[in-house]
Amino acid sequence: MMRRKKALFSLCLALAASSSFAASATPEQGIEEFKKKNYAGALTQFTAHLKEHPDDLNINYYAGMCYQLSGKTGDAIKYYRRVSEIDPKSKAAAQVRPFLAKYGIKTGAPTNAQTPNGTPLPSDPFAAMEAARRLPFKERIVVVPPKFGHKPVSASTVATAKGILSRLPQRVYNILDKGGATINLAPNIIDKWPGSGDGMKPGSSHTTMGEEGGRTYDHDVHVYEREAIRNSNELKDMRDQSEIYNALLHEIGHAVDDCSSSISKTKSYIDAHNIDVSNMPAKAVSNYYTSDPSEGFAEIMAFLLGGNDNDAKSAGEYFPRTKAIIRSKLGI
């Protein structure tokens with residue numbers, strides 16, 4: 001019994017000490033620890049303070065310096081970006097700007113990402129995508145801010161996307177709206193995912209991620225204005241709007257598939273796809289969507305939504321069975 005009381009007494013002392021430490025944690029103490037180069041100790045003080053005061057510009061700056069001086073670049077960037085967002089015109093923002101620029105991060109007021117009607121979104125493209133998801137689908141066009149000195153997404157590309165969304169069949173629009181789909185426009189994939197451009201496109205041995213015109217992750221559509229030059233952060237001239245138009249329709253087709261419980265993965269659809277492919281002329285079977293039912297679904301959807309390039313026309317001509325299933329399932 002005595003041992004149990006002593007253990008309980010020790011626990012109370014520990015809790016009291018812990019509470020005392022939490023209560024005494026102050027940014028001033030953190031700055032003192034920072035001056036002593038005790039960055040871990042300083043961060044303990046800073047992070048405790050920032051939980052209650054996340055917009056404290058000075059302490060965000062000090063936290064970023066702690067991480068930078070500890071060699072933790074990613075964490076330093078997180079706090080330095082916050083500094084820039086809190087007050088882009090501050091002295092602290094000016095001091096972190098060269099560090100962020102070194103990693104291709106432009107700084108300034110968080111208004112680069114926005115919806116077509118001008119609704120501001122967070123500057124971080126991932127946060128912007130999640131914020132847009134709460135809006136009606138016609139407003140879920142996220143313009144990803146450029147990095148590496150790239151030109152920003154053009155007004156013509158935004159207009160192309162707006163035009164497509166305004167003309168979607170109501171049934172398709174409702175599916176995408178309810179499914180939480182988003183449209184993300186960027187100069188290139190590396191503007192949202194730096195360092196990913198030279199990775200090979202899944203299923204391809206000759207095209208990199210930075211060279212493809214778009215990709216859809218579940219129900220989030222991403223379309224890129226410019227092709228990346230391999231082994232660099234430089235981009236080629238902007239793609240023609242007709243190419244961007246057809247790429248958007250194809251990727252929207254993938255989003256429709258995802259929001260419709262993946263029709264392209266059902267046995268009836270796969271069987272119909274295989275029959276359609278077996279009936280195609282030999283010269284047409286080389287198209288990339290003939291070997292993958294989900295790509296076939298996306299290209300047929302592109303055709304049904306007004307796609308007018310050779311791939312969309314070919315899919316519309318040679319896939320009568322799968323096209324009929326899509327029309328029946330989606331009511332279009």
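A: Start with a side-chain link. Thr216 and Glu251 are joined through their side chains by a polar contact of 2.7 Å. A polar contact is a pair of N or O atoms within 3.5 Å; within protein, one must be able to donate a hydrogen and the other to accept it, and residues adjacent in sequence count only if both atoms are side-chain atoms.

Q: Before more, what kind of model is it?
A: It is a predicted model: local features need pLDDT of at least 70, side-chain atom pairs count only at pLDDT 80 or more, and totals for chains, interfaces and linings use all residues. Residues are numbered from 1 along each chain as its sequence is written, and side-chain values use heavy atoms, with hydrogens and water left out.

Q: Is Thr216 buried or exposed?
A: Thr216 is buried, with a relative accessible area of 16%. Buried means under 20%, exposed over 50%, partly exposed in between (1.4 Å probe, protein chains only).

Q: What does Thr216 touch?
A: Leaving out residues up to four places away in sequence, Thr216 touches Val221, Glu251, His254 and Ala255. Contact means heavy atoms within 4.5 Å.

Q: New topic. How many disulfides?
A: The count is zero. A disulfide is a pair of cysteine sulfur atoms within 2.5 Å.

Q: What sits over the ring of Phe126?
A: The charged end of Lys192, 5.0 Å from the ring centre. The rule wants NZ of Lys or CZ of Arg within 6 Å of the ring centre and within 35 degrees of the ring normal.
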